[in-house]
Amino acid sequence: MTLQTLHTTHVLITYQLNWLDRDDDASEWVEHRPGTLVADLIPSLALPDGLRLHVSVNGETLDDGGACRLVQPGDCICATVVPLGGGGGGKNPLAAVAMVALMVSAPYLGGVLAGAAQGLFVGAGMNAVTYGAYAASVGSALVLAGGGVLINAALPPVRPDLPSLGTGARNGWEESATYGWGVEDNPTHNGRPVPVLYGRKTGVTPFLAGRYVSTDGDKQYLNLLFIVAEGPLDAITDVKINDNPVTNYEAVQVETRLGTASQTVIPWFNDTINERPVGSKLAADTWTTMQTQGNAVQALGWGLNCPGLWYANDAGGLDAVTVTVELQYRTTPSGAWVPLPDLAITGSKRDAIRRFVRADGLQPAAYEMRAKLKTAPPTGSRYATDVWWEYLHEIVPDDFAYPHTALLAVRALATDQLSGARPRVTLTAERMTVQVPDTTGAIVQRPADNPAWMALDMAVHPRYGAGRPASALLLGEFAEAAGWCVSKDLLGAIYFDGEGMDMATAWDYLGRFGRFRVVQRGTRLGCISDRPADLPDKSYLVASSNTLAGSLGLDYVELKDRADAVRVTYFPPDKGRDTILVMGEHYGRISGRQPVISDETLYPCTDRDRAYRHGVYLMRVNRYITRRASLRLGVEAWGPQLQPGKVVQIANDVAAWGQSSGRVVSATAQGVVLSSPVDLEPGRAYQILVKHSDLVDGDGAEVVETAYINGVTQPVTTDALTLVSPWQHIPAVDCVATVGEVNRTVRWYRIERVTRNTKLERTVEALEYVPEVYADEGVAPSPGAVSTPRPVVGLAAAIVERREDGLSKRVVALTWRGAALGWHIYARRMGDAATAWAYLGNTRDPSYICYGLTMGSYWTLAVSPTTNPSAGQSVDINLTDDFGLGNIVGIDEVVDGATYPVEEVVDGALYSIEEVI
């Protein structure tokens with residue numbers, strides 16, 4: 001085949017995987033097939049961080065990787081690995097350079113192992129380049145692993161961002177198509193958990209569970225089945241294809257199931273269909289044979305395509321041509337071939353003719369399928385008689401309803417608007433209530449937008465949660481946390497669709513926003529809510545008399561280690577992801593020190609004001625909480641009074657928290673004698689705190705009582721104290737007590753952790769408790785007005801002359817201004833012969849030449865930054881006359897001193913009268 005012939009029937013693909021050496025490339029000619037996209041010819045490569053695949057056609061860069069560009073005969077496609085630019089982002093570009101050097105050299109070592117497998121891949125229809133990359137990876141795996149270890153030893157990679165709570169090795173959002181960075185397509189790989197939804201979430205990118213193409217006459221339909229979430233949901237709405245409402249597309253049908261136990265079969269997916277591409281051109285002398293992957297197949301399907309079927313007659317028209325296809329199947333490995341009735345395909349048109357043949361009623365087994373032409377059709381320059389076996393279906397017919405799973409099915413007709421690469425589908429899903437136990441154990445409905453009820457649902461649900469019975473939960477603590485979320489308006493939505501996330505990590509993401517933490521208390525699960533405590537009569541008293549000597553330790557957070565601001569990331573419905581910077585009062589005011597900014601991501605947060613208030617809360621914590629205490633207690637500390645989340649009062653003589661502490665020796669109705677004397681000074685107010693060992697509250701914790709001591713007229717040291725008013729409860733002997741000046745007797749601490757040792761001692765770690773941190777009310781400042789440039793401005797049309805193929809042609813040229821990454825061009829005929837929008841092409845430059853517009857009609861041309869023509873601007877042109885060359889402009893007339901456009905009614909529609917100047 002000559003080079004000139006190749007340019008008319010094939011496409012040249014060049015791969016440059018080694019960007020360090022541009023002479024190291026591989027090229028191949030691939031037969032052109034109508035309707036093929038550039039992206040279909042580029043294999044998917046798993047590139048290291050810091051690298052990307054650059055795709056160009058005839059020297060023109062394709063930013064979308066060729067997902068919207070149709071391949072034409074003679075095109076030169078180049079796929080090149082290039083490094084990303086620097087400038088931050090947490091990447092290590094030098095390490096990426098070294099890693100790609102290994103990636104390029106490793107296949108030469110792996111190629112030795114590839115020979116034995118070559119027949120398998122070539123027989124399956126893999127092209128040589130794809131096969132070479134795959135086979136080389138067989139031997140390269142060990143090389144890449146070993147080389148990667150050496151490179152990372154010299155150039156250490158960026159540390160992974162691990163969660164602050166949980167046992168998992170990943171934070172669970174890396175593979176999320178809804179929350180992850182850079183993830184665009186609907187996830188497809190098996191083994192993903194069914195997502196769990198709480199609240200109302202927009203921009204959900206569901207899991208693609210099934211996909212196949214069906215043929216009805218010459219029409220092809222793309223059928224997509226998506227798993228949305230665990231059910232039941234309340235609603236599935238706002239379905240979008242490629243970020244455009246589904247109503248913008250022609251012949252697209254949508255069906256939903258909300259995930260009830262008794263839901264019906266969803267249309268188009270009552271059978272399980274495994275579609276596999278074949279892509280083989282049929283011949284008369286050779287069978288094309290394929291084998292099923294499944295071994296319980298009960299129906300088979302052949303998808304056939306004639307790119308055109310015609311005979312060009314002497315009159316310049318097309319006559320009908322018939323081709324006959326033979327189809328057979330058999331059980332493997334040695335069953336008898338069973339023929340199907342011959343399929344005769346007749347046509348006289350250049351458009352594709354498609355047929356689908358299905359064989360039903362088969363016994364469950366593995367099968368071989370084959371096809372060929374019955375007789376060789378006529379060939380020559382006047383004939384188009386090629387028949388392609390495009391795809392096959394392995395079918396298990398059954399009525400699969402998928403109970404308890406919310407589903408979305410999309411059936412789309414292949415049109416100019418929607419064809420080629422698999423579309424990305426997003427939606428809005430709602431689940432506004434959950435069924436959880438109340439404090440009595442009875443099942444009730446609770447709002448699903450409350451993080452505390454979300455956490456409780458995950459704890460009790462038997463299908464997707466921990467499956468804990470109500471008796472194994474401290475339900476009152478979850479109810480208190482939910483009440484605090486309501487009082488602080490900490491409500492939102494979350495869609496758990498990631499992988500590798502354990503239950504503790506999921507609870508942590510909910511607790512960060514709802515300000516609580518799910519903890520294990522013995523054999524039961526409880527919930528610590530960071531909210532104001534009931535003070536002071538229900539707080540445990542820790543004094544020198546019940547603390548092991550020398551065990552008190554204090555830790556102070558240094559000023560230089562504190563953040564000056566926090567950058568809060570949240571997920572509003574209109575933007576998908578946004579950030580707000582909340583600055584502390586000393587932001588940028590410390591001389592010689594760059595402001596320190598901390599980052600916080602709130603996955604359940606969907607509101608700017610809530611994100612702002614959370615930032616205020618964190619900055620108050622940063623400002624007021626500066627101390628952490630650690631101490632050891634004896635057997636007396638065993639009991640419910642010392643639990644994580646509880647607030648305790650700590651008095652210590654050495655730290656001067658209180659003047660003196662001891663135990664009660666005796667007590668009367670209005671007096672007490674202590675085991676240690678205290679010093680009282682005139683002019684000062686003193687108080688005594690006593691922990692009643694014989695009086696407990698409703699939670700079983702010992703009650704702490706505060707009383708005021710009579711003042712003195714001269715300095716005195718005494719162990720006998722007289723009170724201003726009688727005790728509410730007379731202390732028993734050996735009760736712990738501490739004495740000090742009013743408001744200077746104890747420090748408040750919230751317990752973080754309690755551990756015990758073999759000596760029956762308990763170590764308590766506590767963080768300073770300051771009620772001021774909970775005063776985070778306020779409204780986020782409104783963001784400043786941002787000037788958003790328009791994507792299409794000043795669209796104008798002109799008739800220009802182009803010389804092509806030795807002929808002079810008059811075409812319409814469009815020019816415009818605007819800010820967009822690229823534009824799509826559409827056209828439609830107007831008037832009585834009105835047609836739907838036709839897709840002309842796309843461009844990265846603000847100009848375009850429109851070919852194929854027939855004279856004698858009115859046309860509307862549209863330029864849009866998206867696949868929705870109405871998202872840009874349009875211009876009407878009149879091609880009913882033989883216009884000369886020049887710009888098309890409207891004609892104006894002056895009436896009573898005012899200028900108006902001249903208009904005319906044509907075919908029942910009002911149009912502007914235009915001229916070429």
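Visitor: How much space lies in the largest cavity?
Guide: About 30 Å³. Keep in mind that this is a predicted model.

Visitor: And how many cavities of 30 Å³ or more does the count come to?
Guide: One.

Visitor: Which residues line the largest cavity?
Guide: The lining consists of P187, R192, P193, P195, T205, P206, F207 and D497.

Visitor: How does that lining divide into nonpolar, polar and charged?
Guide: Five residues are nonpolar, one is polar and two are charged.

Visitor: Switching topic. Where is L721 placed?
Guide: L721 sits in strand β42, which covers residues 716–722.

Visitor: Is L721 buried or exposed?
Guide: Buried. Its relative accessibility is 4%, and the cut-off for buried is under 20%.

Visitor: What is L721 in contact with, leaving aside neighbours within four places in sequence?
Guide: Q670, G671, V672, L674, V678, L680, I688, I709 and V739.

Visitor: How far apart are L721 and V673 in space?
Guide: 6.4 Å, C-alpha to C-alpha. In sequence, 48 residues separate L721 and V673.

Visitor: Now E768. Which strand does E768 lie in?
Guide: Strand β45, residues 762–768.

Visitor: Why does E768 count as buried?
Guide: Because its relative accessibility is 11%, and buried means under 20%.

Visitor: Which side chain does a polar contact join to that of E768?
Guide: That of R627, at 2.9 Å.

Visitor: What else is E768 in contact with, again leaving aside neighbours within four places in sequence?
Guide: Besides R627, the list has Y624, I625, T626, W748 and Y749.

How values were computed
Residues numbered from 1 in each chain as written. Predicted model: local features only at pLDDT ≥ 70, side-chain atom pairs only at ≥ 80, totals over all residues. Heavy atoms only, no water. 1 Å grid on protein atoms, 1.4 Å probe; cavity = no way out; pocket = protein on both sides within 12 Å on 5 of 7 lines; lining within 4 Å. Points joined across faces, edges and corners; volume = space filled by probe spheres on them. Nonpolar A, V, L, I, M, F, W, Y, C, P; charged D, E, K, R; others polar. Helix = DSSP H or I, 4+ residues; strand = E, 2+ residues; numbered from the N terminus. Buried < 20%, exposed > 50% of the residue type's maximum accessible area, 1.4 Å probe, protein only. Contact = heavy atoms within 4.5 Å. Polar contact = N/O pair within 3.5 Å; in protein donor to acceptor, adjacent residues only side chain to side chain.
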